[in-house]
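Please go through the fold, the core and the backbone of the model below.

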Amino acid sequence: MRDLHNNIDVRPAIDPYDHATGDAAVSTEVCDLQGFKSCELLLHFGSIADADVTLAIVFYDGDTTSPASAVDDAELLGTEALAMPLFSDDNKAYKIGYVGDARYVKATITPTNNTGAILMEAMWLLGFPDNAATANPPANPAAI
């Protein structure tokens, strides 16, 4: 059966956001994986105004609500480099998966040399629930 709908949950990671200028890091909401066996971070970038900005993402995991350990590359599906746009990649979507055993995950996106606006948003997509069907609309638990 082609039923994705009842076997996923979505949660906000980064609300639609205009980064503006500067190199301040942007952190996602912490995602609680309890009750799910898979997790994907879906990223959407709108306009990227700077002509030479670079973006880097780092995943963190842990068993407390403040995950602080950088995730080993072996626990990611895809690479951190492939999950980030080039300065010329306006209006594109990206994804990166997590397959580690920790209960909580988060990610931090850091621009370098940013002198223009970066529009972005992100969602957590959780799959393989312990109990299906998942709620509709999704519960979207509050940020941790």
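Five strands form an open, antiparallel sheet in the order E1-E10-E4-E8-E7. Strands (E, at least two residues) are DSSP runs, numbered from the N terminus. Two strands pair if DSSP finds at least two bridges between them. The edges are E1 and strand E7 (76–77), and each of them pairs on one side only. E4 and E8 are antiparallel partners, joined over seven bridges. Leu42 has Lys95 in E8 as its bridge partner.

This is a predicted model: local features need pLDDT of at least 70, side-chain atom pairs count only at pLDDT 80 or more, and totals for chains, interfaces and linings use all residues. Residues are numbered from 1 along each chain as its sequence is written, and side-chain values use heavy atoms, with hydrogens and water left out.

**Core**

The largest nonpolar core holds 31 residues. Such a core is a set of buried Ala, Val, Leu, Ile, Met, Phe, Trp, Tyr and Cys residues joined through side-chain atoms within 4.5 Å. Buried means under 20% relative accessible area, exposed over 50%, and partly exposed in between (1.4 Å probe, protein chains only). Leu41, Leu43, Phe45, Ile57, Phe59, Ile109 and Trp124 touch the most other members. Strands E1 (8–18), E4 (36–48), E5 (54–62), E8 (92–98), E9 (104–112) and E10 (118–129) each supply at least two residues of this core. E4 gives the most, with six. In soluble globular proteins, nonpolar side chains tend to be buried together.

Which residues does Phe59 contact, leaving aside its neighbours within four places in sequence? They are Leu41, Ser69, Ala70, Val71, Leu76, Glu80, Ile96, Tyr98, Lys106, Ala107 and Trp124. Contact means heavy atoms within 4.5 Å.

Asp61 lies in strand E5. Asp61 is buried yet has no salt bridge. That term requires a side-chain nitrogen of Lys or Arg within 4 Å of a carboxyl oxygen of Asp or Glu. Lys and Arg count as positive and Asp and Glu as negative; His and the chain ends are not counted. The nearest side chain of opposite charge, Lys106, is 11 Å away. The side chains of Asp61 and Tyr98 do make a polar contact, at 2.7 Å. A polar contact is a pair of N or O atoms within 3.5 Å; within protein, one must be able to donate a hydrogen and the other to accept it, and residues adjacent in sequence count only if both atoms are side-chain atoms. Beyond four places in sequence, the contacts of Asp61 include Pro67, Ala68, Glu75 and Tyr104.

**Backbone**

| Residue | Phi | Relative accessibility |
|---|---|---|
| Ala20 | near 65 degrees | 36% |
| Phe128 | about 50 degrees | 60% |

Ala20 sits in the loop between E1 and strand E2 (26–27) and counts as partly exposed. Phe128 lies in strand E10 and is exposed.

Where are the cis peptide bonds? One runs from Ala132 to Ala133, with omega near 5 degrees. Another runs from Asn136 to Pro137, with omega near 5 degrees. Ala133 is in the segment after E10, and Pro137 is in the segment after E10.

Thr65 is in the loop between E5 and strand E6 (69–70). Thr65 is partly exposed, at 38% relative accessible area. Thr65 and Gly78 are 13 residues apart in sequence and 24 Å apart in space, C-alpha to C-alpha.

How values were computed
Helices (H or I, at least four residues) and strands (E, at least two) are DSSP runs, numbered from the N terminus.
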